[in-house]
Structures are given as C-alpha cells and as structure tokens.
Amino acid sequence: MSRPKWFSDASPCRRFADDEQLVQALRQWDNEAIACLQWNCHSAVKSIVRRCGLPDERTEEILNSATMVFLQKTAEGAYQYQGQSPGAYLVEIARRLSLAEARKQGRNPADLDSVPEPADADAAWLNRRQEAAETVQFLLDRLGSPCAEVIRLHHIEGYADEEVIRLGLTPYSTIASLKVKRSDCMKKLVQSALQWKNSTNI
Amino acid sequence: MEELDKYLSGQMSDEERPAFEKRLAEQPDLQAALLVREGLQQWRIERSVAAAAQLRKGYERRARRQRRVWSGLAAACVLGALAWWYFPKSTNSALPPSPPVELPADSIAPQPPAPPSPSSGPVIAERQASPGSFSPAPNVRGSENEAAASQALLDQLWYGAYPPASWQPDEELAPADTLLRQRSFARAYVRLQRLEMRRPDNDTLRLMKGYCLLEMREGAEALRYLENLEARQPEWKAYLQWHRGLARLLNGEQAAAVQEFRVIAAQAGHPFAAQARKALGVLEKRK
C-alpha cells in the first residue's frame with residue numbers, strides 16, 4: 001500500500017543523499033537540485049534581506065539572482081565542493097547581493113562594514129549578464145524564423161538534435177541539416193551582435 | 001566558439017587567460033561572440049532557475065498542507081487526552097450520586113454542531129467552510145498525481161491566447177509582453193516577478209503574470225492572478241472567463257471549469273465560444 005501523499009516527505013532534497021550528490025546535480029543545472037538548494041537556503045536569505053532593511057518581497061528575487069550567480073560560479077569552477085555546504089556559499093552570495101541592493105538604496109546596514117571587497121561585484125556581473133541576455137533576445141527577434149527557433153531550441157531550451165527532428169520542431173528533417181543551419185544562424189547572430197555593438201558604441 | 005566556452009567555463013589555464021583577454025580587448029568580433037555566448041548562457045540559467053523556483057514553491061505548498069494536517073491531528077490528540085483525563089475524574093468524583101432526573105424531551109434533541117475553532121480546526125473543515133479559497137489547492141505541475149491521461153486531456157483542449165484584444169501594455173511592461181508573445185514563459189516570469197515588486201497593484205501586470213503562470217502549468221497560482229480582475233477591468237471579461245476555466249481545469253476543479261465553459265459556450269458572440277464548446281465535448285466524452 002502506498003503512503004498517503006500528505007504523509008510523505010515534502011522536500012525536493014529527497015533525491016540527494018548528501019551535499020556531494022547535490023553539487024554534482026547542480027553542475028548539470030538539474031531543476032530538482034536547484035529547488036533543493038533554494039529550499040535549504042530560503043529562510044537564511046529571508047533573514048539577510050530583512051537585516052539589510054529590504055522588504056520581504058525581495059527575498060524571492062535575491063534568492064533567484066544568487067542562484068544564478070551560484071550556478072555560473074559552479075560552472076566556471078570558482079566553486080569546488082570540498083566538504084562545505086553549497087547552501088553556505090549561496091547564502092554568502094545572497095548576502096553580497098542584498099548588501100549591494102541596500103547600498104544602492106542608500107541604506108547602511110551594519111553588516112556592510114564587514115564586507116571585505118566591493119559587494120557590488122556579483123551584482124554588477126549579474127547585471128551585465130542580464131543585459132547580454134536581453135540583447136541576444138532582441139537580436140534573435142530581429143533574426144526571425146527559423147534562426148531564432150533553431151538557436152533557442154538548442155542553446156536555451158536544451159533540446160537534443162535528435163529530439164528536435166523527432167518532434168518536428170523545425171523545418172529540418174535530418175540532424176546534419178539542422179546542425180548546418182544552426183552554425184549558419186550562430187554566425188548571423190554574432191554578425192548582428194557586432195553591428196549592434198558598433199551602432200550603440202558599447 | 002570552443003575557446004569562448006573554455007573561457008566562460010573557467011577552464012583556461014593561467015597562461016591562456018591573459019592572452020585571450022588581450023585578444024578580446026582588441027577584436028570586436030570576439031567581443032560580439034562573447035556577448036552572444038554569455039547572453040544565451042544567462043537566458044538558459046534564468047530559465048532553469050525560474051522552473052526550479054516554481055518546483056520549490058509547489059513543495060512549500062505541500063509542506064504547508066502537511067503542517068496543517070499534523071497540527072490538526074496534534075490538537076485532536078491533545079483534546080482527546082484532556083477529555084479522557086477530565087471526564088473519568090468528574091464521573092468518579094466523591095460527590096454523592098445525583099438522583100435520576102427526568103429530562104424534558106426537547107433538551108435531548110440534537111444540537112447544531114459548534115463552529116470549528118479557527119486556530120485548531122482540521123484542514124478539511126477549513127476547506128469546506130471556504131470553497132472559494134484557492135490557496136491550498138493542489139499544484140498540478142510537478143505533483144506526483146499528474147497522470148498521463150490528464151495531460152492528454154489538457155493537450156486536447158489547451159488554447160492559451162495571448163495577447164488579449166486591443167492590448168497595450170505600457171513601456172515598462174513591453175519587454176515582458178514581447179517575451180509572452182514569443183512564448184518564453186520562464187523568462188517572462190522572471191521579468192514580471194521583478195516588476196511586481198514595484199507595481200503589485202497593476203492590473204495589466206497581474207493579467208500577464210496570470211497568463212504566464214497558466215502556460216507554466218501553475219493552475220492555482222494563475223487563478224490567484226486571474227480572479228477579481230473582472231470587476232475593475234470589465235473589458236477583459238471574456239478573456240478572463242476562458243483562461244480561468246483552463247486554470248481551474250489545471251487545478252483539478254473540473255466541475256467548476258465545466259461551469260465556466262458552459263457560460264462561455266452559451267454566448268454566441270463570445271470570442272472563446274468555439275473553444276469552450278470543444279472543451280465541453282472533450283470533457284463530456286471523458287465521463
């Protein structure tokens with residue numbers, strides 16, 4: 001007999017026996033691993049947000065931003081699992097982001113003095129990345145179909161080429177033709193990014 | 001491109017990195033390629049984080065329900081223990097037994113049940129008392145009971161229409177509007193979530209977020225946004241009716257969804273009348 005649903009453990013962390021397993025899954029950007037990491041840190045981040053004098057509603061946004069920085073640092077190898085909890089690392093990023101936000105709003109939480117380096121580093125990195133994402137989105141719109149779909153499916157949605165062909169998500173019927181088209185589209189995208197950079201002088 | 005991936009994933013050696021960064025500073029085409037790579041990567045991260053945040057919220061709702069069930073059970077146990085402790089004592093007290101008293105017939109008539117205590121009442125009683133409340137409603141996305149049959153049913157009658165007729169979001173909402181039109185829901189969600197902090201009472205934003213959540217298969221959350229808008233924005237009535245129906249269906253409230261679809265199907269000029277009739281046909285066959 002299966003256990004009633006309300007009796008079972010309501011946590012996204014059930015799949016991960018220890019932190020090492022969790023970090024391995026986080027490197028793959030596994031949704032459940034990310035949810036588990038956020039689940040473990042939510043209350044700590046909320047308390048930091050409060051201590052920085054920010055409204056509770058900002059918790060979700062800061063938690064998500066810190067998670068993005070965390071995932072990137074993990075992908076870059078800046079965070080290596082050496083026995084420390086990944087949650088502690090995420091909370092530290094969230095603290096820096098909260099402090100940067102507090103500073104931007106002209107608040108001066110006591111915590112600010114104890115930050116050893118400019119707290120805005122993560123926030124600035126995140127801003128730059130978000131701007132890049134928005135620019136790419138704008139350029140993909142201009143590129144139009146089928147390039148936008150071909151690039152989006154592979155680079156953003158994470159579809160495998162076999163799946164794209166099997167589901168008929170693009171007009172291409174073979175993996176080879178899809179790859180050729182994508183490579184061609186990426187060149188066009190880079191070219192339009194270059195034109196855009198020149199026109200905006202950024 | 002391989003070199004860029006190596007740079008972005010921190011796999012360049014200490015010798016390679018400065019040389020690459022020097023070239024990066026000199027070559028605008030390399031800068032453009034880096035911008036594209038970073039943008040795509042960031043987009044993918046945001047998508048994963050938004051999906052994971054939704055998953056976590058589903059677990060949080062479930063944990064809250066569990067806590068309510070356990071508190072109800074604990075309260076019932078405490079009350080039971082108190083009753084067991086108190087009543088045997090009072091009946092076995094040293095007082096002389098009272099003479100039997102003839103009670104008038106109406107005094108033993110069944111009494112109406114006492115109203116449930118707001119703090120310790122069992123969950124089931126709370127839900128019956130407020131059938132219109134959707135906060136504890138089940139979350140279809142990611143839940144274990146999302147059967148293949150329900151999914152097939154949704155796929156058959158799903159029709160999320162965006163944008164609504166004569167739709168003009170303001171400048172600040174325009175990027176999220178574009179994302180919704182492109183069906184980039186996770187990214188639109190992140191943006192709307194950010195905007196909502198500043199503009200929690202904006203009806204246009206609420207409608208956009210409701211629609212976005214609906215497409216992310218978050219029925220209960222979508223309903224929270226799509227409800228109560230009609231009173232303030234009567235011109236959205238038809239659009240809201242149809243999408244509320246879908247949200248209720250996602251939420252497992254099939255009878256309420258059918259009710260909503262019937263109202264739509266009965267109006268000849270309703271823009272979603274054909275979809276509602278189709279939905280009613282599909283749901284009828286399923287019975």
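Author: What follows is a set of questions on terms, each answered from this structure.
Author: This is a predicted model, in which local features need pLDDT of at least 70 and side-chain atom pairs count only at pLDDT 80 or more, while totals for chains, interfaces and linings use all residues. Residues are numbered from 1 along each chain as its sequence is written, and chains are lettered from A and ligands numbered from 1 in the order in which they are written.

Reader: How many helices and strands does chain A have?
Author: Chain A has eight helices and zero strands. Along the sequence the pattern of chain A reads α-α-α-α-α-α-α-α.

Reader: What makes α3(A) oblique to α4(A)?
Author: The axes of α3 (residues 58-76) and α4 (residues 86-104) of chain A cross at roughly 120 degrees and come within 9 Å. Axes are lines fitted to C-alpha atoms, for helices over the stretch in contact, and angles run from 0 to 180 degrees between N-to-C directions. Angles under 35 degrees count as roughly parallel, over 145 as roughly antiparallel, 65 to 115 as roughly perpendicular and the rest as oblique. The angle therefore makes α3(A) oblique to α4(A).

Reader: Why are α8(B) and α10(B) called oblique to each other?
Author: Helices α8 (residues 203-215) and α10 (residues 237-250) of chain B pack at an angle of about 40 degrees, with their axes 10 Å apart. They are therefore oblique to each other. The crossing of α8(B) and α10(B) is left-handed. Here B:G210, B:Y211 and B:L214 in α8(B) meet B:H243, B:L246 and B:A247 in α10(B).

Reader: What is the largest nonpolar core, and which residues have the most contacts inside it?
Author: A nonpolar core is a set of buried Ala, Val, Leu, Ile, Met, Phe, Trp, Tyr and Cys residues joined through C-beta atoms within 7 Å. A residue is buried if 20 or more other C-beta atoms lie within 10 Å of its own, exposed if 12 or fewer, and partly exposed in between. The largest core has 77 residues, and those with the most contacts inside it are A:V45, A:A66, A:L90, A:A94 and B:C212. Helix α2 (residues 31-51) of chain A gives the most to this core, 10 residues. Leaving aside its neighbours within four places in sequence, A:A66 is in contact with A:V45, A:L90, A:I93, A:A94 and A:L97.

Reader: How much of chain A is buried?
Author: Buried residues make up 38% of the 202 residues in chain A.

Terms used: Helix = DSSP H or I, 4+ residues; strand = E, 2+ residues; numbered from the N terminus. Contact = placed C-beta atoms within 7 Å. Left-handed = near helix turned anticlockwise from the far one by under 90°.
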